[in-house]
Amino acid sequence: MNAVPTITLNDGHTIPQLGFGVFQIKPADTEQAVRTALEIGYRHIDTAEMYGNEKEVGAAVRSSGIPRDEIFVTSKLNNGFHRPDDARRAFDGTLRDLGVDRVDLFLIHWPLPTRYDGDYVSTWQTLEEFAKDGRASSIGVSNFQVRHLEKLAAETATVPAVNQIEVHPYLTNEAVRGYDAEHGIRTEAWSPIAQGGVLGDPVITEIAERVGRTPAQVVLRWHIQRGDIVFPKSVTPARMRENFALFDFELTDEDVAAVDGLDRGEEGRTGPNPDEFDYIPS
Ligand SMILES: NC(=O)c1ccc[n+]([C@@H]2O[C@H](COP(=O)([O-])OP(=O)(O)OC[C@H]3O[C@@H](n4cnc5c(N)ncnc54)[C@H](OP(=O)(O)O)[C@@H]3O)[C@@H](O)[C@H]2O)c1
């Protein structure tokens, strides 16, 4: 009844449509949070080198007693490591810190089009090596706009399995989602509840009251019905359970359309604009 659906990616691998995100979870809290998420039933964890908690994610996966193959683990290449040799070293570091010999999915975290002479193509070709040698079952990108995806399509052989972008009711990001869908790229929606910023919206609270669910469940269910992959973050066990209970109710097409209608375009963006973002952690 409450089983998380599985999505088949363009490379044949499968991913649970609902996972658990660990952005902004302090390293000291991460192992416990991930252990709790795994106990609740989450089998997909989204981390990144930039989050500084890969070691603790790996420790939780190991100490859970759940076979490694039953947990889908994603990590991402940090912004300072786009040059091929740096990317190779960074990927080795990610595997070492996670304590695994393979990740399920590895992403370029940001395109950084104003850095590296605008070259994210050689970075992508380096990720292709990791897929070829089997150390990344799937590879993908994050925060890629349409023009960045078009460049990869023109100059490389592999279509990304996923594109992880900001999507929530105030930024429905339809142009990028549309490109993804047309090209067999699955969209992963980051900050799916806009870090809580959409939960007080009257359209959402009205639906929540009517269907007897919480605003977070309504928003996460909206993502699921649109076909996107989500991994809400919470350090609060009751919220982790709430965010996992999405598969025993459905929104009507009218309710999905009403939430679609909350889109504010660029004004709704809460994170950086991928065309301009050029942050490299020191
Ligand atoms: N690729 C990228 O550039 C990128 C960028 C941002 C995020 N991400 C990924 O996407 C994941 C999710 O995004 P996010 O962490 O930014 O934001 P989010 O999942 O939209 O929201 C997390 C926030 O909402 C609160 N929350 C969670 N469930 C709730 C509920 N049921 N009711 C009320 N409040 C609730 C959490 O509080 P508590 O923790 O205090 O409970 C936390 O403050 C990240 O963890 C990361 O894996 C990727």
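Predicted model: local features only at pLDDT ≥ 70, side-chain atom pairs only at ≥ 80, totals over all residues.
Figure 1. The buried positions are Ala216, Gln217, Val218, Val219, Leu220, Arg221, Trp222, His223, Ile224 and Arg226. Their packing partners are helix 6 (174–182), strand 9 (186–190), helix 7 (202–211), strand 10 (229–230), helix 9 (237–244) and helix 10 (253–260).

**Figure 2. Span and end of helix 8.** Helix 8 covers residues 215–226 and reaches 17 Å between its first and last C-alpha atoms, close to the 16 Å expected at 1.5 Å a residue.

**Figure 3. Nonpolar cores.** The largest nonpolar core comprises 67 residues, and those with the most contacts inside it are Phe20, Val22, Val34, Ile45, Val103 and Phe106. Leaving aside residues up to four places away in sequence, Val34 touches Phe20, Val22, Ile45, Val57 and Ala60. A second, separate core of 15 residues includes Leu107, Trp110, Val162 and Trp190.

**Figure 4. Surroundings of the ligand.** The ligand is surrounded by 28 residues, of which the closest are Asp46, Ser191, Lys233, Ser234 and Thr236. A backbone N or O atom of Val22 is placed 3.3 Å from a ligand oxygen atom. A polar side-chain atom of Glu242 lies 3.0 Å from a nitrogen atom of the ligand, and an N or O atom in the side chain of Asn243 is 2.9 Å from a ligand nitrogen atom. The ligand taken alone exposes 910 Å², of which the protein buries 89%.

Terms used: Residues numbered from 1 in each chain as written. Heavy atoms only, no water. Core = buried A, V, L, I, M, F, W, Y, C linked by side-chain atoms within 4.5 Å. Buried < 20%, exposed > 50% of the residue type's maximum accessible area, 1.4 Å probe, protein only. Contact = heavy atoms within 4.5 Å. Helix = DSSP H or I, 4+ residues; strand = E, 2+ residues; numbered from the N terminus. Expected span 1.5 Å × (residues − 1). Near = heavy atom within 4 Å. Polar contact = N/O pair within 3.5 Å; in protein donor to acceptor, adjacent residues only side chain to side chain. Areas by Shrake-Rupley, 256 points an atom, 1.4 Å probe, with all protein chains shown as cover.
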